[in-house]
Amino acid sequence: MENQNEVLEKKKGNNENEGKLGNYFQYVVQVIKDPDHLLSDETQSKQQFGLITLIAFLGLILLSNIVGIFAYLDALRYLGFSDYFDYFERTIAYAAALALLMFVFKNVANKNGKTYDLNFFFEKLGALLVVPAILLIVSIPLELVDITIYSWFSSLAYTFLHLSIFLISYFFVAKNNLKTAVLFVAGFYFVYRVIFLIL
């Protein structure tokens, strides 16, 4: 009987260790292997990893934009003789639209009786952006060497971004309300386009 108790305690200890993530790479692997756990209502204390992914995704958008400019325009014109802000327009537009979206998510969820904070949404969105970030990582070198299928990967990355917004809206903000979730995605898209147009 004592031996069985010891075995149970060891198994419990191993399970606790499995739930802990030592580094960002382990976090990414867990997200890819078991994405379903992301859609639970509980905060899993991974908001830092989520924020890292969100920042990395925006950085990859910037890098993709720079690669695109150098691929299609005269590079010398962008080495001191043009507005460097052109590199950042799309990244700033996405960052501003996502920041606004996080606040709207939090306020709407609170009005619907949910007690989610911003960290909750950073965690969920960041985790859902792991796959889009990987797709952008694949597309950038393909674009550099002018392999035309790079656009497949980048388009899919942005599709997954909108899908991530839909999933968060549907499961957490407007629980099981398809119309509201679709409105959130459409609203995000139009806000991004307006900010980009202003810039």
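Me: Why is Ile-134 called partly exposed?
Reply: Its relative accessibility is 33%. Buried means under 20% relative accessible area, exposed means over 50%, and partly exposed lies in between, with a 1.4 Å probe and protein chains only. Ile-134, at 33%, therefore counts as partly exposed. This is a predicted model, in which local features need pLDDT of at least 70 and side-chain atom pairs count only at pLDDT 80 or more, while totals for chains, interfaces and linings use all residues. Residues are numbered from 1 along each chain as its sequence is written, and side-chain values use heavy atoms, with hydrogens and water left out.

Me: What makes Ile-32, Val-131, Ile-134 and Val-138 a nonpolar patch?
Reply: Patches are made of residues with over 30% relative accessible area and no salt bridge; nonpolar side chains (Val, Leu, Ile, Met, Phe, Trp, Tyr) are joined within 5 Å, and like charges within 9 Å. These four residues form such a patch on the surface, with about 270 Å² of accessible area together. Accessible areas come from the Shrake-Rupley method with a 1.4 Å probe, and for residues only the protein chains shown count as cover.

Me: Which helix supplies the largest share of the nonpolar patch?
Reply: Helix H6, residues 130–144, contributes three residues, and Ile-134 is found in this helix. Helices (H or I, at least four residues) and strands (E, at least two) are DSSP runs, numbered from the N terminus. The protein chain has eight helices and zero strands.

Me: Why is Ser-169 called buried?
Reply: Ser-169 has a relative accessible area of 0%, and therefore counts as buried. This residue is found in helix H7, residues 150–173. Leaving aside neighbours within four places in sequence, Ser-169 is in contact (heavy atoms within 4.5 Å) with Phe-105, Ala-174, Lys-175, Ala-181 and Phe-184. Of the 199 residues of the protein chain, 37% count as buried.

Me: How do you know that the side chains of Glu-123 and Lys-124 meet in a salt bridge?
Reply: A salt bridge is a side-chain nitrogen of Lys or Arg within 4 Å of a carboxyl oxygen of Asp or Glu. The N to O distance between Glu-123 and Lys-124 is 3.6 Å, so the pair meets this definition. Side chains of opposite charge can pair when their charged atoms come close. A search of the whole structure finds one salt bridge.

Me: Are Glu-123 and Lys-124 buried or exposed?
Reply: Glu-123 has 3% relative accessibility and so counts as buried. Lys-124 is likewise buried, because its relative accessibility is 3%.
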